[in-house]
Every structure is written in C-alpha cells, then in structure tokens.
Amino acid sequence: MNSRKLLSETRRTFPATKVHCQQPSRILIVDVTSPSWTNTCSILSEALENTLCLACSLPGPCRVPLLSLYVVQSQQECLLPFTQVKENFARIQACISELRSLPREGCFPPGGNGVVQAVQDGLQQFKQYSRHTAAGGSTNSSAEITILTSQSSKEMVKQLEEKLKDVDLVSLQRIQVTEVLKRDFLEPEDVQQCMPAAEPSSNDIAILRIDIDVQTVEDNVISLEMLFKTWLYDYSTESEHLHLLLPSGAFSHATAPKPTLMCLKCDLQERLLNPAVLSGMADGTGRAADLNSPCQMAAWPATVLHKLRVVKALKSEGVCESVLYGLPFIIKPTSCWQLDWDELEINQHSFHALCHSLLKRKWMLLAKRESQNTGPNWNIMVHSYYIIAPSNSATLLVKAVAIRELLLPSTFPALLDEQPEQVHGPIESALNSLEVEVTYNPLHLKSNLYKYLKSMLCKPLQRQQAQPRDQRPERHQPKQHQSRAKATVTPLLMAPSPGQAFRPAAAKRDYCERSLLPKE
C-alpha cells in the first residue's frame, strides 16, 4: 500500500468532548463503474465483512461507531444508512450480501459525478443523524470518507476539489481516495511501498480545508482487509497516551535541587488484537482488560496517561525472550492537536534521535511504570516494568518484562556438545525435509477466527436457561366443584395460550455455548 497526502490544512481543531475515545464515523463509497469490478466485488465484500466482525466482537467502545455504505453506479445509491456497528452485524452482513449481488462488469458506464454526489449526500446524512442524536448525548462530531475506485485517483481528486469548494466540510475529518489496482498495473515504487510523499502546495491548501489522502492497494483480500483494519486504530488526538521520562543528563540545570527529567510525549498503537479477549467477547465468556491493574497497559481505549520512567539501559543481546510477556505496543511521537507546532516538532526530532541512538548502540531501555491508581484496592503501589526496543523505523516497541515475584525457578541441564549418531541422524533428516523461510509472515497463516466470530455474532438465542423447579411459575388449574357425593374430578392442566407461550427476546444472542476457538 502506498500513500500520498495531497492536501493538508495548516491547523485542524476538533470540538471539545467528554468522551475520551472519539472515533470518527465512517462513510464508505464504492465505485462499481470500474472495469475490474467483477473481481473486486467478492474480495471487497470479504475484506469488509472480516473487519466489521472484528469491530463487533472487540470489547469496550466500538472502534467503528457508525457506518454508512454507498455504491456509485449510473448514480449514487445508499445501501446502508448510518448504522451503529456494534450489535448490528446481521444488518451489516445483509448489506454486504446486497453489495455482492450488484451487477458486474460492463453494466454501468464510468465517469459522471456519482462519487461527488455520494460524498455530499453522505455528509448531509451525517449532519442530520448528528442533529437527531444530539439530544441523546451522542458525541460523534466528525466523519471520515473512504472512496474505493479503479479510476485514476488524480482525476478523482480533481473532481472533489472542484465540486466541494463551496460545501460545508466542518464535520468532515478526512477523505481517503483508494485506487484499487491489479498487481500487473502497479508501478515498481507502488509494489515496494517506497514512493516519497508529495509536499502539498499552497494552492492545494487553499482549495479544501481538509486532508485528502490518496492510496493505491492491490486487488486482493489481504490488502483491502489491511486498509479497513486501519479503522480499528485509536483516532483520538485530544491528548498524548504516554510520557517517556528520561534523565536529562548534562542538560540538567546545576542549580536544580534534584535531577530533572526529559519528557518525550508519545502515542501508543496496538500491534496485535488480543485473541483471548476477542474470542471471549464473542461468546460472552470474556471481558475487557482491567486498565486499573498495575500490570496492565493498554492502548485502547486511551483513557489513561501512562508514564514510563527509564531506569537503565540494557544490551540487546542480554535480554532473554523468556522473561517478556503480554501483547507488544508500538510507541510513536504524539500527534496531539493541543500541543503547538514548535513543541510537536521538537518532540518528534527528539524521539527520532532516541531511536537512532538506541539502534546505533544496540541498546534497549528498562522502564518502570509509574502507577496512577491511588484507590482503595491498590493502597500499596505495585510497579510494573517494561522493555523498550528500537527498530529500523521511527518507532519503538514496548513489552512487559518479568519481575522477581513472577519468576519461577528454571534449572535446566546443559546441552551436550555431541549427540549419539542413532538419534542425531533422524533428527537432521527430519529438519532437512522442512521448508525454510527467511522471515515469518503472519499473513500466510489463518486460524478460522473470522468464521468463528461470524457464526457467534449471527447465532440466534435458541434456548432459555433452565430454571430451578422451585422457581418455575405455577400452572393454573380450573376450579373443580365436588358434588355432594364427594365425587372426585381429575383436574385438567391448562396449556398456555399462544399469546402466553414463551418467546426469547429477538435482540439477544446466545453467547454462552462456546468459549474456545475451534481447532483447525
């Protein structure tokens, strides 16, 4: 995937909100007039469905709060008006099925203003939805538009520039134009993802006061899936996520009563989704991570400002993998809009200098997390420690490291230099038969997780949990009148009428049947 930012505003402000994680609403516009729609249709539908089943299954606030889907044929058509994604997967899946059933290649002539009209209609729909839900406390104040097309992205941007000059774009955060190309049509720099970003000119900035990103992606499920998965990131820019505290060294003031600290303001980004929480939320057995736990640091939702104080440096070869645990997180310079440009620039340069120096020295950093919780459950401060490792990119990797209380004894015999030939030969033969790859690529492996999540999200509530016998409602019996001769009459049990028959709530789902991922 290659990205070029064409237009940029000089300064963007976001309305204040009480919600810590403010995710933008999503408007997806699919241009089906492209010549390769026959192939794109199925892979686009699969990639979109896969991503949205993740969004519906993740705990906490929904990472894609609202979604609207447009298709552009001879004119625009709204397949899905703004819909809350969470707890509406069945409706979204029906919409994707309708997208799959659209006529294929050659049915609609390319060209026209259908995409621009869809953008305008989507913005109008979002404004109406926002006004309608404002009384209920909704804070979805911004939207992002993603346009998928096989037409020339440059021509598409020109149309948007020309037609949207006089349109109110206050609620629009960004437009992303994604040109879907077959691999044969990708240029070498697109394949290698090394094309430098174009600098926006002053004329570009004067046209629209928003960001327009242009991307090219390959026409396959994995590339489109990774495009949609960017929706799952935390897009809140109201505050930084992490303060990385370093000793200021020789730069500290001589008159300072105690050593001062250099503070790098950073954001956290997830590298992986937590599979245990993901599968647990789907079947009802899991719960979101406890952010107040002293041994837990999470990038989602970014409701807590983490502080990591660097206590010492470590040689990279001296850190054993067996003492690292938990999910890794990416550390990058903050993009908090509340900081002024000078501070953002200095902070970014300082962060890049740290990455470069650590990589050159082959060092890692050992940092202690300063606990922010002073509640009654943790009246004794419990500190957690983390390893911060550099990479070839302008980011750092942070992962929890074991401490004394968690470590178990590990006394293992030393490995012998030589092994008996009768066992060494078969082992060597077995290893020689294996296929060897230079690097591990997780995109080559699947676990049927998507199928599992979709089956759990679409499973209706079929059974009611059995009630104890003493809690069951009593059955009504007709009153029986005995004759004077005290003749006994056998009471008849009355069956409940159709109106009284138990019906499970249609909105609920059976999330209690399975708690483990199926094995392949």
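I looked up S68 and found a polar atom of its side chain 2.9 Å from the backbone oxygen of L80. The model is predicted; local features need pLDDT of at least 70 and side-chain atom pairs pLDDT 80 or more, whereas totals for chains, interfaces and linings use all residues. Residues are numbered from 1 along each chain as its sequence is written, and side-chain values use heavy atoms, without hydrogens and water.

I located S68 in strand β3, residues 66–72; strands (E, at least two residues) and helices (H or I, at least four) are DSSP runs numbered from the N terminus. I noted S68 as buried because its relative accessibility is 0%; buried means under 20% relative accessible area with a 1.4 Å probe, protein chains only. Leaving out residues up to four places away in sequence, S68 touches R26, I27, L28, C78, L80, P81, F82 and Q125, where contact means heavy atoms within 4.5 Å.

**Nonpolar cores**

I then examined the largest nonpolar core, which has 44 residues; V85, L224 and F228 touch the most other members. Such a core is a set of buried Ala, Val, Leu, Ile, Met, Phe, Trp, Tyr and Cys residues joined through side-chain atoms within 4.5 Å. Elements that each supply at least two of its residues include β2 (25–31), α1 (37–57) and β3. Helix α1 gives the largest share, 11 residues. Apart from this core I found another of 26 residues, including I27, I29, A118 and V157.

**Cysteines**

How many disulfides does the structure hold? I found 0 disulfides, a disulfide being a pair of cysteine sulfur atoms within 2.5 Å. C41 counts as buried at 0% relative accessibility, and C336 is buried at 2%.

Methods. Buried < 20%, exposed > 50% of the residue type's maximum accessible area, 1.4 Å probe, protein only. Polar contact = N/O pair within 3.5 Å; in protein donor to acceptor, adjacent residues only side chain to side chain.
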